Each structure stands twice: as structure tokens, then as C-alpha cells.
Amino acid sequence: MGRLIFISGGVRSGKSSFAEDYAASLSIQGPFMYIATGVASDKEMAERITRHQKNRSLSSREWRTVEIQSSIDKAAEQFKDSEVVLLDCLTNLVNNELFGHEQNPDTDKLLDGWYQSILDGIQKIFKKCRYLIVVTNEVFQDIPKNNPFVHTYQRIMGMLHLTLVSLADEAYLVEFGRAVCMKHGKGEPNGGD
């Protein structure tokens, strides 16, 4: 049975570096798969993508990068018996799905449809690997609540985070380049409600 590792943190918190280092520390030979969901939509994002590519090229592990900006459920077929798959990041994937389509953002059908499609894709990939590491952003502070599209985005992210953490073997929150273990094992997150 595989292991699901959930890693979250703010923008530029060091979560991607932590995820890559964690993957590289696993005492297995590979293959190491990297699902890149980012789109170089502006100069800053292009620089971040380049930095991540450089970090992987300098890693002690050999990474095979697969770029998937949407429809991760269909892309799951590309992964067969992978040792480690790192998905970086869930936030970009949801952004691409929601903001790449012209649909009414405040319907329950849209909310449930995107949530289920993304979750199904992640679960399909998880069934085909030994370790799945999912990186995501904390997106629940300082977001305007009066925009129905942003509200739907926030709700989908919240639902995905809750579900993935409940399924995860480990969950980490990264701040200032330091990871705090929030959950270890299939039980309740550390500190529970």
C-alpha cells in the first residue's frame, strides 16, 4: 500500500524545496516523477518554474517531469508503478481548472464536479505509486469574499485539503523554510479538534 504525504504552506514558504528534499531522502531507486502544474503566466511565475527545474536538475535523484495543467484524472494513465510522484502544486491545478473555463462559478454542480474530478485524478495516481507527495498553498487568508468565483475556488481548495489530509499518512505545514508535522499516521491530525 502506498503512502500519501500532504505538504502545505504559504507562497515562498519553502514547501516545494521541502517536498523535493523529502522525496530525495526516500531510500528507493525510483523512478521519481514530478507533476508540474504551473503555467508561466507572468515573469514571476516563469522565474519560479525555472528555479524549480534547476533545483530538480541539481538533486541527487533523477526526476522525470510531466507537465499537467488540467484534467489530472485523464493524465493518471501516464503513471505506471512509479515509486515516487510529487504533485506541485494542487493550488495551480485548481486555478487552471477554474480560471481556464468559462462557467458559472457559484453553482453546486461546478463545485462538486471540479472537486470530484481533481480528487479522482489524485486517487488514480496514488494507486499507481509507492509515495505520492502533494504540495499545496494555504489560500484561506486575505482573499476577498465578495467574488463568487473566488468563493467557489476557496471552497474547492478547502474540501480538497480536508479530504487529502484525512487520507494522508503524513501532513506538514511549512513556514519560513521549516516543516512542522501536523499529522503522522492515519489517525487524527496532531492536536485534533
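The chain has 6 helices and 7 strands, in a model that is predicted. Read from the N terminus, these elements follow the order β-α-β-α-β-α-β-α-α-β-α-β-β. Of the 193 residues in the chain, 49% are buried.

One residue carries an annotation. The UniProt record, an unreviewed entry, marks His-52 as "active site". His-52 lies in helix H2, which covers residues 43–57. Is His-52 buried or exposed? Its relative accessibility is 16%, and because buried means under 20%, His-52 counts as buried. Leaving aside residues up to four places away in sequence, His-52 is in contact with Ser-16, Glu-20, Tyr-34 and Asp-88.

The next topic is the aromatic rings. The structure contains 5 aromatic pairs. One of them joins Phe-18 and Tyr-22, whose ring centres are 6.1 Å apart and whose planes stand at 65°, so this pair is edge-to-face; the cut-off for that class is an angle over 60 degrees. Both residues sit in helix H1 (residues 15–25), and because they are 4 residues apart there, about one helical turn separates them. In accessibility, Tyr-22 is buried, with a relative accessible area of 15%, whereas Phe-18 has a value of 22% and counts as partly exposed. The two values fall on either side of the 20% limit for buried residues. Ring pairs also bring in Tyr-172, which forms a cluster with Phe-18 and Tyr-22.

Gln-78 gives an example from a loop. This residue is located between helix H3 (72–75) and strand S4 (82–88). At 40% relative accessibility, Gln-78 counts as partly exposed. When residues up to four places away in sequence are not counted, Gln-78 touches Arg-64 and Val-66. Lys-128 is 50 residues from Gln-78 along the chain, and the C-alpha atoms of these two residues are separated by 9.7 Å.

The last topic is a pair of helices, H4 and H6. Two packed helices are described by the angle between their axes and by the distance between those axes. Helix H4 spans residues 90–99 and helix H6 spans residues 148–167; their axes come within 11 Å and cross at roughly 140°. How are H4 and H6 oriented to each other? The class of roughly antiparallel requires an angle over 145 degrees, and H4 and H6 are therefore oblique to each other. Their crossing is right-handed.

The residues that meet at this crossing can be listed by helix. H4 contributes Leu-90, Thr-91, Val-94, Asn-95, Leu-98 and Phe-99. On the side of H6, the residues are Phe-149, Tyr-153, Ile-156, Met-157, Leu-160, His-161 and Leu-164. H4 is mostly covered, with 8 of its 10 residues buried. Among the H4 residues that meet H6 are Leu-90, Thr-91, Val-94 and Leu-98, and these four residues are buried. Asn-92, Leu-93, Asn-96 and Glu-97 in H4 are buried too.

Key. Residues are numbered from 1 along each chain as its sequence is written. This is a predicted model: local features need pLDDT of at least 70, side-chain atom pairs count only at pLDDT 80 or more; totals for chains, interfaces and linings use all residues. Side-chain values use heavy atoms; hydrogens and water are left out. UniProt positions are given in the numbering used here, feature names are shortened, and annotations may be inferred rather than shown by experiment. Helices (H or I, at least four residues) and strands (E, at least two) are DSSP runs, numbered from the N terminus. Buried means under 20% relative accessible area, exposed over 50%, partly exposed in between (1.4 Å probe, protein chains only). Contact means heavy atoms within 4.5 Å. Rings of Phe, Tyr and Trp (its six-membered ring) pair if their centres lie within 6.5 Å; planes under 30 degrees apart count as stacked, over 60 as edge-to-face and the rest as tilted. Axes are lines fitted to C-alpha atoms, for helices over the stretch in contact, and angles run from 0 to 180 degrees between N-to-C directions. Angles under 35 degrees count as roughly parallel, over 145 as roughly antiparallel, 65 to 115 as roughly perpendicular and the rest as oblique. A crossing is left-handed if the near helix is turned anticlockwise from the far one by less than a right angle, and right-handed if clockwise.
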